[in-house]
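Welcome, and please open your viewer. We will go from ring to ring, selecting a few side chains at a time.

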Amino acid sequence: MKKLRSLLIGIVLIICLLFLGIVWLEKSSGMSDAKVVNIYNWGDYIDPKLITKFEKETGYKVNYETFDSNEAMLTKIRQGGTSYDVAVPSDYMIQKMRKEKLLLPLDHSKLPNLKYIAPQFMNLAFDPKNKYSVPYFWGTLGIVYNDKAYQASEFKSWNDLWDAKFKNKIMFIDGAREFMGIGLASLGYSLNSKSDAQLNEAYEKLKALTPNAKAIVSDEIKTYMANEESSVAVTFSGEAADMMAKNSHLHYVIPEGGTNLWFDNLVIPKTAKNKKGAYAFINFMLDSKNAAQNTKYIGYSTPNQGAMKYLPKAITSNRAFYPTVAQIKQMEIYEDLGSKYLEKYNDLFLELKMYRK
């Protein structure tokens, strides 16, 4: 009996020592929950030097993972396999995540640098009073063209894209909301239309546009345009900025009559384990100098008015990337359509891609 008792005590001691060793290793390597901030962001959507700077200034270790769509991000956060402390969903997805109670309300007192966000980018419909989100970047959907082939005057409105001279010339971003949105906007309808009649009318009109499509793709647009394998494309402003940095003959225009105004935002998912670290990271990214540095690296438009003084005037005065308040009022933010109409948009878009000749 004494031998058995001694054996049991020995096993317990070994287990305790192993546990203490694991804890010590986590602390010594900076990998305990309290010292790690798990970030879930779009690919290549932050200056890596800022992550290094954040780690050096705060002592936190950043675990950085990426996603390629809002839907992929939503699925992983729903599953809860990884407890992300900060995520970067787009506007309409925040509406969906709020409804599903996947986000934590923000304590603005822990985000003193929130004061640098321009008032016109606060308190938007997808998140009243910014209860759950902080603006990260914003932009528009527009047209990028090569001045060796075209002039800005040829792209005054979305309707110009139907011109027969563009047959098999235009590259379109691969997105149901974007492609259907072109049809809706060209008819003067809302980008968030839930009218079957309007959607069917847009679908019929877009059928006549499909012969002008060179391709309906995603990231490939940047390569095609930069290498001058194509001369016109419909894409996002930030993507256009990236192309323009590689080819001085490329220009970006926002068609008259309205377009999509989008926002990507910083949020704290409900399953976050390191809330203190999450607030530290968000507030760090809201710092004016950090926001300016990030903007120069990414190329998208910053909502941080404090950052503007640290950016070149060539950037801040460019109305294609920083449109006027009057222009912005004509634009629409995507709303959560609900499963019924999201499916309808996707189905119509798929039919149009199949119809394309």
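Start by selecting F155: in this predicted model, its relative accessibility is 2%, so F155 counts as buried. Show both rings together. Y150 and F155 make an edge-to-face aromatic pair, with 5.8 Å from centre to centre and 80 degrees between the planes. This pair belongs to a total of 24 aromatic pairs in the structure.

Next, select F179 and F349. How far apart are the centres of the rings of F179 and F349? They lie 5.7 Å apart, and the planes meet at 50 degrees, so this pair is tilted: an angle over 60 would be needed for edge-to-face, and one under 30 for stacked. Colour the two helices to see what the pair joins. F179 sits in helix α5 (residues 176-186) and F349 in helix α13 (residues 338-355), so the pair links parts of the chain that are distant, 170 residues apart. Both F179 and F349 are buried.

For the next stop, select a whole group: Y45, Y136, F137, F236, W262 and Y300. Ring pairs link these residues into a cluster. Turn the view slowly and trace the rings one by one.

Finish with two lysines. Which ring face does K35 lie over? Select Y60 to find out: K35 is over the face of Y60, at 5.0 Å from the ring centre. Then move to K207, which lies over the face of Y355, at 5.2 Å from the ring centre.

Key
Residues numbered from 1 in each chain as written. Predicted model: local features only at pLDDT ≥ 70, side-chain atom pairs only at ≥ 80, totals over all residues. Heavy atoms only, no water. Phe/Tyr/Trp six-rings, centres within 6.5 Å; stacked < 30°, edge-to-face > 60°. Buried < 20%, exposed > 50% of the residue type's maximum accessible area, 1.4 Å probe, protein only. Helix = DSSP H or I, 4+ residues; strand = E, 2+ residues; numbered from the N terminus. Lys NZ or Arg CZ within 6 Å of the ring centre and 35° of its normal.
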